Amino acid sequence: LTPQKYKQLFGQLSKRQMEIISDKDSRCIVVAAGPGSGKTRVLVHKLASLLLLEDVKHEQLLMLTFSRAAATEFKQRLMELIGNAAHFIEIKTFHSYCFDLLGRIGNLEDAKSVVAKAAEMICQGEVEPNKIGKTVLVIDEAQDMGVEEYALLRALMASSILAHLRVPLRVMQREMMSGRVFLVTRKLTSYSSQCSGSVRSI
């Protein structure tokens, strides 16, 4: 990593943002981030740091968002930091990711049930292991997760590939082992008492 690239990655970050991005030990990081707090910057720079400084491979990363616009913005901003390598990182909406798992083209008719269906198929071993073989999970706007999204994450964790990954949320196992989870939320109370990792605010 050249000094110029290091400055591009970390030169404009606040002390609190730098603490979050530099944390290589916490298995789960929950970030409480209000409007204008630099949430997107923290997420993008954390992804870049994982790839460039923590020896995480692009195929090990999965980032899920709730809107196509958010996924596109994260991808574009990541490209500004790491170039074309950003194309190989899976950054998708929950629905898009689930349609891909099911091998189907997205459509409005099935959108309401596709997340639950994908969770069910993972639990039944009907999804190819290479599609769910992730060791780092990044969730944007985690406070918006509902029953279906929780079920999807629980199914991913219970799969043979991610059986070692445990996310400390109310409906999931409480202990963190290997695997890493990075959650960004606007409502800290849902996670602060659940997380055995690091809870931060920016």
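Modeller: Let us start with glutamate 141, which has a relative accessibility of 18% and counts as buried. This is a predicted model, and the residue is placed in the loop between strand S4 (136-139) and helix H7 (147-158).

Biologist: Why is glutamate 141 called buried?

Modeller: The label buried requires a relative accessible area under 20%, and glutamate 141, at 18%, therefore falls within that class.

Biologist: How do you know how H4 compares with the span expected of a helix at 1.5 Å a residue?

Modeller: Helix H4 runs over residues 68-82, which makes 15 residues, and the distance from its first C-alpha to its last is 21 Å, close to the 21 Å expected.

Biologist: What puts the buried residues of H4 on the same side?

Modeller: The buried residues are Ala70, Ala71, Phe74, Lys75, Leu78, Leu81 and Ile82. They cover an arc of only 130° around the axis, and they therefore lie on the same side of H4. On the other side, Arg68, Ala69 and Glu80 are exposed. The cover over the buried residues of H4 includes H1, H3, strand S2 (61-65) and strand S3 (90-93).

Biologist: At what angle do the axes of H1 and H3 cross, and which residues make the contact?

Modeller: The axes of helix H1 (residues 3-10) and helix H3 (residues 39-52) come within 10 Å and cross at roughly 145°. On the H1 side the contact is made by Gln8, Leu9 and Phe10, and on the H3 side by His45, Ala48, Ser49 and Leu52.

Biologist: Why is histidine 45 called buried?

Modeller: Histidine 45 is in helix H3, and its relative accessible area is 11%. Buried means under 20%, so the value of 11% places histidine 45 in that class. Leaving aside neighbours within four places in sequence, histidine 45 is in contact with Gln8, Leu9, Leu13, Ile21 and Leu81.

Biologist: What makes alanine 48 and isoleucine 21 count as buried?

Modeller: Alanine 48 has a relative accessible area of 0% and is therefore buried, and isoleucine 21, at 0% relative accessibility, is likewise counted as buried. Alanine 48 belongs to helix H3, and beyond its neighbours within four places in sequence it is in contact with Leu9, Leu53, Leu78, Leu81 and Ile82. Isoleucine 21 belongs to helix H2 (residues 15-22), and its contacts, with neighbours within four places again left aside, are Phe10, Leu13, Val42, His45, Lys46, Ser49 and Glu54. The C-alpha atoms of isoleucine 21 and histidine 45 are separated by 7.0 Å, although the two residues are 24 residues apart along the chain.

Biologist: Why is leucine 53 called partly exposed?

Modeller: The relative accessible area of leucine 53 is 32%. Buried means under 20% and exposed means over 50%, with partly exposed in between, so 32% puts leucine 53 in the middle class. Leucine 53 is in the loop between H3 and S2, where it touches Leu1, Phe10, Lys24 and Ala48, not counting residues up to four places away in sequence.

Biologist: How many residues of the chain reach a pLDDT of 70 or more, and where does pLDDT stay under 50?

Modeller: The mean pLDDT of the chain is 77, and 78% of its residues reach 70 or more. Among the elements, S3 has the highest mean pLDDT (94) and helix H8 (residues 189-192) the lowest (40). The value stays under 50 over residues 160-179, for which the model has 61 contacts beyond four places in sequence, and also over residues 186-196, for which there are 30 such contacts.

Notes: Residues numbered from 1 in each chain as written. Predicted model: local features only at pLDDT ≥ 70, side-chain atom pairs only at ≥ 80, totals over all residues. Heavy atoms only, no water. Axes fitted to C-alpha atoms, helices over the stretch in contact; angles between N-to-C directions. Helix = DSSP H or I, 4+ residues; strand = E, 2+ residues; numbered from the N terminus. Contact = heavy atoms within 4.5 Å. Expected span 1.5 Å × (residues − 1). Buried < 20%, exposed > 50% of the residue type's maximum accessible area, 1.4 Å probe, protein only. Arc of directions from axis to C-beta. pLDDT = per-residue confidence, 0-100.
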